[in-house]
Amino acid sequence: MPRPREFEPDAVLDQAMLRFWLRGYRATSIEDLVKATGVKPGSLYSAFPGGKRALFLKSLERYSKLVVPQKLGELEAPGASLAELRGYFDGLVRDLLSPEGRQGCLLVNTAIENAAEDDEAAAVVRGHLARLERCMVTALRNARSGGEVRASVDPVGSARLLVATCQGLMVIGKANPDETVLRAIADNAFAALA
C-alpha cells in the first residue's frame, strides 16, 4: 500500500512558483525546488509526473489563478473603464519601484525565457495576453461609450497597443526602475486615447 502524501500539493506549487518567479526556469534546479518545497525529489516526481517542466507549467497555471487576478484588480470587472485601465498601469509602475516588483511578472519572464522554444509555456503566455487584451478592450469600449476617450478610438487596436506597452513597461522596469521613465511610458500610452 502506498504511503500517504506528507505534503499539500498546492503548498508545493506555491513554493515552486515563487522559486521560478524569482530565478526563472533555467536557473532553478531540482535541488532548488527540493530546498524551497521541503519535498524530496522522488516525491516531487511522483506528485508531478514530468519533473521540473511539469512543475513549472503547473506553477504558471497557479500564478494565472492566484496572482494575475490580484494584479488585474478592477480592470477585470465588466464595468471597468478608463480609471481602472489607468489604475492597472499605475499599479505596474508602483510594483516596479519595489524590490519585489522588480521580479516582474512570471508570465512576462516566461515569454522572454521560454516561449520561443516551449509551445506549452507559450500557450499559457498567449492565454494571459488574450485575457489582458479582453479586459482592456472592455474598458476601452466602456470609456468610449462614456465619452472618456475619443469616439474614434478603436478599442481592439488600442488594447493591443496597451498590452504591448505594459509588457514592455515590465521589461524596462526590471532593468531601469526609474519612476520618471516608467510614468512617462504610461502617460504617453494614455495620451494617444485623449
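Colleague: Why is R62 called buried?

Modeller: R62 has a relative accessible area of 18%, and buried means under 20%, exposed over 50% and partly exposed in between, with a 1.4 Å probe and protein chains only, so R62 counts as buried. This is a predicted model, in which local features need pLDDT of at least 70 and side-chain atom pairs count only at pLDDT 80 or more, while totals for chains, interfaces and linings use all residues. Residues are numbered from 1 along each chain as its sequence is written, and side-chain values use heavy atoms, with hydrogens and water left out.

Colleague: What makes R62 and D10 a salt bridge?

Modeller: Their closest N and O atoms are 3.7 Å apart, and the rule asks for a side-chain nitrogen of Lys or Arg within 4 Å of a carboxyl oxygen of Asp or Glu, so the pair qualifies by that definition. R62 lies in helix α4 (residues 51-72) and D10 in helix α1 (residues 9-23), so the pair ties together parts that are 52 residues apart in sequence; helices here are DSSP runs of H or I with at least four residues, numbered from the N terminus.

Colleague: How do you know that D10 is partly exposed?

Modeller: The relative accessibility of D10 is 35%, which falls between the two limits of 20% and 50%, so D10 counts as partly exposed.

Colleague: Why does R131, the salt-bridge partner of E76, count as buried?

Modeller: R131 has 18% relative accessibility and therefore counts as buried, whereas E76, at 33%, counts as partly exposed; the closest N and O atoms of this salt bridge are 2.7 Å apart.

Conventions
Helix = DSSP H or I, 4+ residues; strand = E, 2+ residues; numbered from the N terminus.
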